[in-house]
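Please read it with the coordinates open.

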Amino acid sequence: DERITLAGRELVLNGTGLRSAGWFKAYVAALYLPRRARTASEVLEQAGPKRVRLVLLVDAPAVELAKGFDKGVLRNSGSETEALRLRLARMFELMQSAGSLKKGDAVDLDFEPARGTLLLLNGQPRGEPIAGNDFYVAVLRSFVGEHPYHKKLKSGLLGIPPA
């Protein structure tokens with residue numbers, strides 16, 4: 001969708017990207033923000049609700065998504081790692097508890113300022129929100145920061161056309 005509503009606020013589709021490794025295509029990601037952004041700093045500095053949506057392109061154990069998520073956040077956290085560790089462990093548990101993910105499943109990583117980071121699977125919340133804007137900024141950094149999951153994925157989420 002070009003626009004969604006989250007926490008009572010309209011968000012715009014900033015960009016989409018494909019997470020792949022060689023010939024293996026894992027998921028398509030979409031980034032929704034209050035206003036468009038073309039740099040990581042513009043994304044990270046925006047206040048208000050945000051969403052990263054992942055749509056799976058393969059069947060996979062949820063633990064694999066959780067491991068990749070964990071690694072991506074830690075790789076981009078630097079000195080903030082200790083402050084994030086307990087919340088990151090909680091997100092890992094929530095993701096892993098989904099069991100098996102199926103092709104076509106939608107995983108939403110939402111940020112609602114009054115509640116925190118929410119994990120949803122096919123629109124259904126998984127566990128309680130995880131507090132702190134800093135946690136969601138760390139999540140976003142794993143997608144658009146200096147060490148993203150994949151450079152083409154980062155470019156797509158920032159709305160930068162492929163070269």
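This is a predicted model: local features need pLDDT of at least 70, side-chain atom pairs count only at pLDDT 80 or more; totals for chains, interfaces and linings use all residues.

The points below cover the nonpolar cores, an aromatic pair and one arginine.

1. Every value below is computed from it.

2. Main core. The largest nonpolar core has 40 residues. Tyr27, Phe69, Leu109 and Phe143 touch the most other members. Helix 4 gives the most to this core, with 7 residues.

3. Another core lies apart from the largest one. This other core has 6 residues, including Ile4, Leu11, Leu13 and Tyr32.

4. Tyr27. Which residues does tyrosine 27 touch, beyond those up to four places away in sequence? Gly17, Leu18 and Arg19 are among them.

5. Aromatic pairs. There are 2 aromatic pairs in the structure. One of them joins phenylalanine 143 and tyrosine 149, with ring centres 4.9 Å apart. Their planes meet at 70°, so this pair is edge-to-face; the cut-off for that class is over 60 degrees.

6. Burial of that pair. Phenylalanine 143 has 2% relative accessibility and counts as buried. Tyrosine 149, at 12%, is buried too. The limit for buried is under 20%.

7. Arg141. Is arginine 141 buried or exposed? Its relative accessibility is 18%, so arginine 141 counts as buried. This arginine sits in helix 4, which spans residues 133-144.

Notes: Residues are numbered from 1 along each chain as its sequence is written. Side-chain values use heavy atoms; hydrogens and water are left out. Rings of Phe, Tyr and Trp (its six-membered ring) pair if their centres lie within 6.5 Å; planes under 30 degrees apart count as stacked, over 60 as edge-to-face and the rest as tilted. Buried means under 20% relative accessible area, exposed over 50%, partly exposed in between (1.4 Å probe, protein chains only). Helices (H or I, at least four residues) and strands (E, at least two) are DSSP runs, numbered from the N terminus. A nonpolar core is a set of buried Ala, Val, Leu, Ile, Met, Phe, Trp, Tyr and Cys residues joined through side-chain atoms within 4.5 Å. Contact means heavy atoms within 4.5 Å.
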